[in-house]
Amino acid sequence: EKTFGHSSDELFEAVYRSEDEMQKFMGLMNSTWVIDGHDVVTAFDLSPFKTVVDLGGCTGALAREVSKAYPDSSVTVFDLPKVVEMAKKHYLEADDTISFQEGDFFSSEIPAADVYILARIIHDWKEERCVQLLKRLPSLCQPGGGVLIVEALLFENKRGPVMAQIFSLNMLVQTEGKERPPSEY
């Protein structure tokens with residue numbers, strides 16, 4: 001029920017409790033996408049999507065990879081106000097072509113897009129919250145749009161791969177979320 005003295009619904013209150021803790025977490029997220037981002041955004045042809053919104057996009061590292069791979073697309077990072085503020089302060093790059101917009105993807109108005117990216121977001125939340133978020137997106141998508149979900153996948157029998165199991169255990173302990181096999185998506 002509680003990790004870091006907060007309920008799972010308030011996990012990010014704990015992660016963002018100080019600028020130092022927030023900077024550590026954001027640095028981890030940034031390095032993940034600096035390493036894997038190009039492979040993720042080029043695994044599918046996203047060129048038909050001219051407006052892209054990276055929900056919970058943190059530092060903008062994955063959004064930058066989208067922007068580099070698809071320079072004709074407009075790419076926006078949508079995240080909590082304190083995350084956007086910190087991203088602009090510490091991670092903004094001189095040649096950035098991405099934009100940032102503040103909001104909470106559960107309760108704020110989400111900008112319309114051709115495609116929404118949820119990268120390492122679904123695994124953070126209980127099933128009900130995932131469904132709540134995913135039900136919001138179809139009505140916001142432009143015609144022909146979609147949702148790209150990026151998560152570590154478990155085998156159908158949930159007995160591997162080991163890294164996905166470790167991620168899942170971490171999510172369970174910290175957030176009551178989990179990694180899932182393909183059939184659960």
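**View A. Arg 129 over the rings of Trp 125 and Phe 106.** In this predicted model, Arg 129 is placed over the face of Trp 125, 5.6 Å from the ring centre. Arg 129 also lies over the face of Phe 106, and here the distance to the ring centre is 3.8 Å.

**View B. The aromatic pair of Phe 106 and Trp 125.** A search of the whole structure gives 2 aromatic pairs. In the pair formed by Phe 106 and Trp 125, the rings are arranged edge-to-face, with 4.9 Å centre to centre and 85° between the planes. Phe 106 belongs to the loop between strand 5 (99–102) and strand 6 (113–119), and Trp 125 to the loop between strand 6 and helix 5 (127–140), so the pair ties together parts that are 19 residues apart in sequence. Both Phe 106 and Trp 125 are buried.

**View C. The aromatic cluster.** One aromatic cluster is formed by Phe 105, Phe 106 and Trp 125.

**View D. The crossing of helix 2 and helix 3.** The axes of helix 2 (residues 19–41) and helix 3 (residues 61–69) come within 8 Å and cross at roughly 30°. The crossing of helix 2 with helix 3 is right-handed. Helix 2 contributes Asn 30, Trp 33, Val 34, Gly 37, His 38, Val 40 and Val 41 to the contact, while helix 3 contributes Ala 61, Leu 62, Glu 65, Val 66 and Ala 69. Classified by residue type, this contact of helix 2 with helix 3 comprises 8 nonpolar, 3 polar and 1 charged residues.

Note on methods. Residues numbered from 1 in each chain as written. Predicted model: local features only at pLDDT ≥ 70, side-chain atom pairs only at ≥ 80, totals over all residues. Heavy atoms only, no water. Axes fitted to C-alpha atoms, helices over the stretch in contact; angles between N-to-C directions. Helix = DSSP H or I, 4+ residues; strand = E, 2+ residues; numbered from the N terminus. Left-handed = near helix turned anticlockwise from the far one by under 90°. Contact = heavy atoms within 4.5 Å. Nonpolar A, V, L, I, M, F, W, Y, C, P; charged D, E, K, R; others polar. Phe/Tyr/Trp six-rings, centres within 6.5 Å; stacked < 30°, edge-to-face > 60°. Buried < 20%, exposed > 50% of the residue type's maximum accessible area, 1.4 Å probe, protein only. Lys NZ or Arg CZ within 6 Å of the ring centre and 35° of its normal.
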